[in-house]
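Morning, everyone. Let's look at how two chains meet. Here is the model.

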Amino acid sequence: MNTADVIVIGGGIHGCSTALHCRLRGLSVVVVEKDHVARHASGVNAGGVRRLNRHPAEIPLAMASAALWQRIEDLVHDDCGYRQTGQIRVAEGEPGLAAIAARRRLVEGLGYSHEQWIGPEELFELVPAISRHCLGALWTADDGHADPTRTTRAFARQAAALGAEFLTPCRAGMPRRAGGGWQVPTDRGTFSGAQVVNCAGAWGGAVAAALGEPVPIEPIAPMMLVTARMAPFVDPVVASFDRMISFKQSPNGSVVIGGGWRSRAEPDANRAHVEFGELHRLIGTTLDLFPVMRGARIVRSWAGIEGAMPDAIPVIGPSMTAPGVIHAFGFSAHGFQLGPIGGAIVADLVESGATSLPIEPFSIARFAGQAWREAS
Amino acid sequence: MSGARFRRLAETGRPRVAITVDGAPVEAMQGDTLMTAILTARGRLRVSEFGDGPRAGFCLMGACQDCWVRLEDGRRLRACTTFAEAGMAILTGAEEGADAF
Amino acid sequence: MRSDRIVIVGAGPAGMRAALVLAGAGLNPVVLDEAPASGGQIYRRQPRGFTRAYDKLYGFEAGRARALHAAFDADNRIDHRSGTLVWNIEGRRLQTLHDGRPETVEFDRLLLATGAMDRVIPFPGWTRPGVYTLGGAQVALKHQACAIGRRVVFFGASPLLPLVASQYAAAGAEVAAVLDTTPLRAKLAAMPGLLAGGKTGWKGLVYLARLAARRIPYRHGITPVAALGSESVEGFAYTDASGRRHEIECDAIAFGYGLKSEWQLADLAGCGFEFDAGNYQWQVVADEAGRSTVPGVYLAGDGTRIGGAELAEIAGERAARAILTDLGDTGQGAALAACARRIGGQARLRRAIERAFPFPAPLARAIPDDCILCRCEAVTAGEFRASIDRLAPHDVNRAKAFSRVGMGRCQGRICGPAAAEILAAARGVEVKEAGRLRSQPPVKPVPVAAFADAAEDAA
């Protein structure tokens, strides 16, 4: 029988980060990944390293994660393609301006100052290529972006270098109790450990359900469009308060356009389809914001499977029904920036059952019984 | 700038079509693709954006995507599958600019 | 049955023949094709205003080309939409650009007759102006009445090699040499099969004889070394079968190693694939009547199995009859069996052609480190090998994510076969173990401006 202190299900960024942080604390770790590291949402996302406009409950975690991003190279021995280009979210009309005002009241009320208002002049100076109809923006100067595949693999590599065992490709079955601990059946035999961590992303709901605590998770496939290389014209990642878009120029010159446009996810078949049904709307927004894009050509598109929760924040914390199981899934298409801290939080929970960061809002208990339906 | 690359072997009695390449007038013929129009007058279509020199197309059947050329009006056209039209102003260099690539 | 929307993608011999059979049964197929006129690559038509005769354009195939063009043009039951790029398939919808405008075309039954392109192996200097594929060189001549240069070297291993070289010579271009990477021994071993294959087999010999009559050297067993020159091609260096280096002065080079199916749309449709050892490439799985593994999606022509124009036309007819059968027409059995017999009758010839022009995989595995592998983004073979050494991808899709090889504008159409060989070599496995590049929409670049105009129209 194979044993480890911690058995992690899922080799996305949170699974790999968990493995790394557990090893840093001397715990033995096995990561069971059905495909390969960073196969789905962790490898195919826009790579945004963003605190700007996060859910209030996520802000403390995002702030702590940002501190880890600052020294990401020390942590994983790779710069992960991380660049602090800033992130900007513009207002294009009165609704956007109103959203900015409300957002500022909220964030400042919570005592944060990372989201700054910038007027049109400053905006046009920061992003000369942006359309002059924009009325201003919120800006987080030291947000940025990184290479998602490279980052996730760097976490895996560093965890492995410190002794974590990665089983890929290797399917995990549902965890079952064994004595005081847990057993996880896999393609490569049964592993037993004191604790199990569910980092299974869109498949995390199935694990939770098997443990008697089903959650209303939805598999989604956020879609990205990629253009042929263009000469550099925009540094920060740009989003809008008025319309769904995220816009980023990669260091190699290609432009990556996304912003929550979803296509069809087939988690059972392990496939995500790209669907262009409403593509012209995204393109319309793109051109409104960046007229220079009229000369661009779309050369590729991709979608990765992710798990979305109905309240758009993840499940992080101990299982309510299965002592020794910790959940960290359902990051709802914005878990990449949280990756570095997510693993540290889970390692805290593994080690001591508690963490200093406020994770109560992410408890799986919020979906227990009728509580969720009534609250919503 | 090197000389013409393509060589016309027949069908030379067609009506002429006036275009410009890098600002200089070029006489193309009706039914010429942009590629033919440019390469019967010049040695290249474009310059690789990756710094590895000039390019003059490759597959001629719309598959390799190596012959997209830039027009002065900002349009980008695949030279092997687009017919030359009077007045087209083609740029074959890699001048900087947001849509230089 | 009559209300089924039948869409054919591709107006080459397979798509045209299929459309004619369906129209003949009283249906109104829609034919979508990127080119301005029907014909595909093999029967590609010259633009309006050109005057060369059919036999000048199509040689031995002139009769077949003329008949197919004439029948297709005359049939007003066929809804031929030229200038239409199909760039995505979502369920039962095709997303297209028609004359540069986005359009959605819905179908109940889809026939993919998407054809093929040249298969290449990069060699030093291959991105220089003056180096083209064999098919590209042929298009320049057939479609534009141009030669790709003043003095041309042809090389590779492809049925197109003697064909295009002799077409160039006949049209008045100077052919410096024709250099075949296949050893003479292998060519001779394939000869009995070629000659037993009827007319098609003999045609190859006629091309060779024509080249010989013009005293154009034809060498076997060569290995390409480099396209020489700085700003453009000034010569070609190769080693002969005994390893001696030669340089030929030329200003253009055409090369290729057989054909490679254009199956990106079949991939997006969800069709199954298999590695075909004979063609030495991934091909779409089709049953004996041209049905794919996806219900309602049919396959014909070189996009499915490399076999040439004659076979493509029969396969087009066969797929059309399979569609009719699936629509409830019970009278297609005999005609389907006849198609199968005709296709089966060419099997030996196909095998002989594959043996006469084998894909020289060792050449791909030995591409020098400083040679550009991906011409879209100028990634060298050395950079690709380094990423394999560092990150140990198990298949070409992972290798692509790590190296960007296959990620450029052509989606790996050009570099894909060679990249797979390099990866297979590094892993010490057969090339099929390196997997197959997954297709992504759009299968060809689509200009953002097209969607902008559509958005404005909708507003």
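A salt bridge here is a side-chain nitrogen of Lys or Arg within 4 Å of a carboxyl oxygen of Asp or Glu. By that rule, four salt bridges cross the interface of chain C and chain B. C:Arg52 forms a salt bridge with B:Glu11, with 3.1 Å between the closest N and O atoms.

Some ground rules. This is a predicted model, where local features need pLDDT of at least 70 and side-chain atom pairs count only at pLDDT 80 or more, while totals for chains, interfaces and linings use all residues. Residues are numbered from 1 along each chain as its sequence is written, chains are lettered from A and ligands numbered from 1 in the order in which they are written, and side-chain values use heavy atoms, leaving out hydrogens and water.

Now the whole interface. In contact (heavy atoms within 4.5 Å) are 56 residues of chain C and 36 residues of chain B. The buried area is about 3700 Å²; that is accessible area, with a 1.4 Å probe, lost on putting two parts together, summed over both. Carbon and sulfur atoms give 57% of the area.

Last, the strands. These are DSSP runs of at least two residues, numbered from the N terminus. Strand E1 (residues 7-8) of chain B runs antiparallel to E10(C), joined by two bridges. DSSP must find at least two for strands to pair. B:Arg7 has C:Ala147 in E10(C) as its bridge partner.

Notes. Helices (H or I, at least four residues) and strands (E, at least two) are DSSP runs, numbered from the N terminus.
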